[in-house]
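Hi,

Here is the structure I said I would pass on.

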Amino acid sequence: MIAFWVVAGVLSALGAGLILWSSARAARAAGANDPTTALYRRQLREIDDLAERGLIAESERGATRAEAARRLLNAADSHAVAWTADVGLRKPVLAVAALTPLIALGLYFVIGSPGFHDQPFKARVAQWRAADPASLTAPQMVVVLQTLIGERGGDPDAYGYLAQAEMASDNPNGALRAMRRAVELAPDRADLWEELGEVFVVQAQGEVTAQAKRAFEEALKRDPKAVNARFHLARAEIDAGQREQGLAAWRALAEELPATDRRRVAVRQAIARVEGAPAPKFDNAQKSAIQGMVAGLAARLEAEPDDPEGWVRLVRSYAVLGDAAKRDQALASARARYAGEPELLQALDAAAKTEPMQ
């Protein structure tokens, strides 16, 4: 703190000295001729010098010289006002130079002191903490989670939620820091290693990098049946040219997943894409299960409508099911409710454009 005051004092003194020095120079120049024409004549000489040294082209020289000459003629034709030095202004100038650091010091104690008990941002954070988490935007949730983590200490689940909020805020680097901390706190949890690997994949724009592979392998050491880890490691094998080995891993994974698990269809679709075959369709049992989940979500939103992420999921779900009427109805309701939130409206429109499943 002492160093800060010393530096602040030195800077203030330098600033005041600069003001006084400039004022003194202006006073000495009082009564001198207007220097404007001399300035433009010097500029013309410098243009010629640069052209002779080959630093500017001849065409550029002509244009630049013409502009400088035009300004010189204008300055010569205008009425020059002689500089004056008013002795009566010296005392006000000295007073301003002396008062400036004192005013700055006063402002520091009013709004900049570390002991100042409340700041607008703190008030906003307190408001967000008191609000329903479902009503917060992703960046607001990041701030709330960071505050809670700072108060309550390490909790791997809290860091996992923070990673999700960071990812929703389009900040994969923040998500990566959070997941690394979560894994440090609970290194035996396979789900955290999986999430860490998926953050690496997102950060690499879909590529299963060496870091992502290591994270997924750590997940499999703790849970050999970890679905996401197995899927991404098989995809890495296919990308590396081990096509049959990766496809075999995917086929085994698809066979192990329950028929109602949507991930099973996703794995089969991935297999079809690699093999160049038509994408498999959802069977009736899978469609019924999905429709039941969507109906449950719609009923919950009808009872508790203040859930922006829930509305996005509902619109996307109707789009996936190919139910255009319910999709448009849900979209209209959500757009009316959140008309003042452009980011959410964009998310709703994007969800409505989701391709329907086959």
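Helices (H or I, at least four residues) and strands (E, at least two) are DSSP runs, numbered from the N terminus. This is a predicted model, so local features need pLDDT of at least 70 and side-chain atom pairs count only at pLDDT 80 or more, while totals for chains, interfaces and linings use all residues. Residues are numbered from 1 along each chain as its sequence is written, and side-chain values use heavy atoms, with hydrogens and water left out.

**Helix α8 and the cores**

In α8, the buried residues are G174, A175, L176, A178, M179, A182 and V183. Their cover includes α7 (156-168) and α9 (190-203), with contact taken as heavy atoms within 4.5 Å. The geometry of α8 (residues 172-185) also checks out: 14 residues at 1.5 Å a residue should span 20 Å, and the end C-alpha atoms are 20 Å apart. The expected span here is 1.5 Å times one less than the number of residues.

M179 turns up again in the largest nonpolar core, which has 37 residues; along with L162, L196 and F216, M179 has the most contacts inside this core. By nonpolar core I mean a set of buried Ala, Val, Leu, Ile, Met, Phe, Trp, Tyr and Cys residues joined through side-chain atoms within 4.5 Å. Two or more residues each come from α5 (120-130), α6 (138-152), α7, α8, α9, α10 (210-222) and α11 (227-239). The largest share, seven residues, is from α9.

What does F216 touch, leaving aside its neighbours within four places in sequence? The list is E194, G197, E198, V201, V208, A229, H232 and L233. Another core, of 18 residues, lies apart from the one above, and L301, V315, L331 and A351 are among its members.

**Salt bridges**

There are 18 salt bridges in the whole structure, each being a side-chain nitrogen of Lys or Arg within 4 Å of a carboxyl oxygen of Asp or Glu.

- R129 and E151 meet at 2.7 Å, N to O. R129 is in helix α5 and E151 in helix α6, so this pair ties together parts that are 22 residues apart in sequence. R129 is partly exposed, at 34% relative accessible area.
- E275 and R251 meet at 2.4 Å, N to O. This pair links distant parts of the chain, with E275 in helix α13 (residues 262-275) and R251 in helix α12 (residues 243-256), 24 residues apart. E275 is partly exposed at 37%, and R251 is partly exposed at 35%.
- R235 and D239 meet at 3.8 Å, N to O. Both sit in helix α11, four residues apart, about one turn of the helix. R235 counts as buried, at 19% relative accessibility, whereas D239 counts as exposed, at 56%.

**A surface patch**

Finally, V6, V7, V10, L11 and L14 form a nonpolar patch on the surface, with about 470 Å² of accessible area together. Patch residues have over 30% relative accessible area and no salt bridge; like charges are joined within 9 Å, and nonpolar side chains (Val, Leu, Ile, Met, Phe, Trp, Tyr) within 5 Å. The areas come from the Shrake-Rupley method with a 1.4 Å probe, and for residues only the protein chains shown count as cover. V10 belongs to helix α1 (residues 2-28) and is partly exposed, at 44%.

Cheers

Technical notes. Buried < 20%, exposed > 50% of the residue type's maximum accessible area, 1.4 Å probe, protein only.
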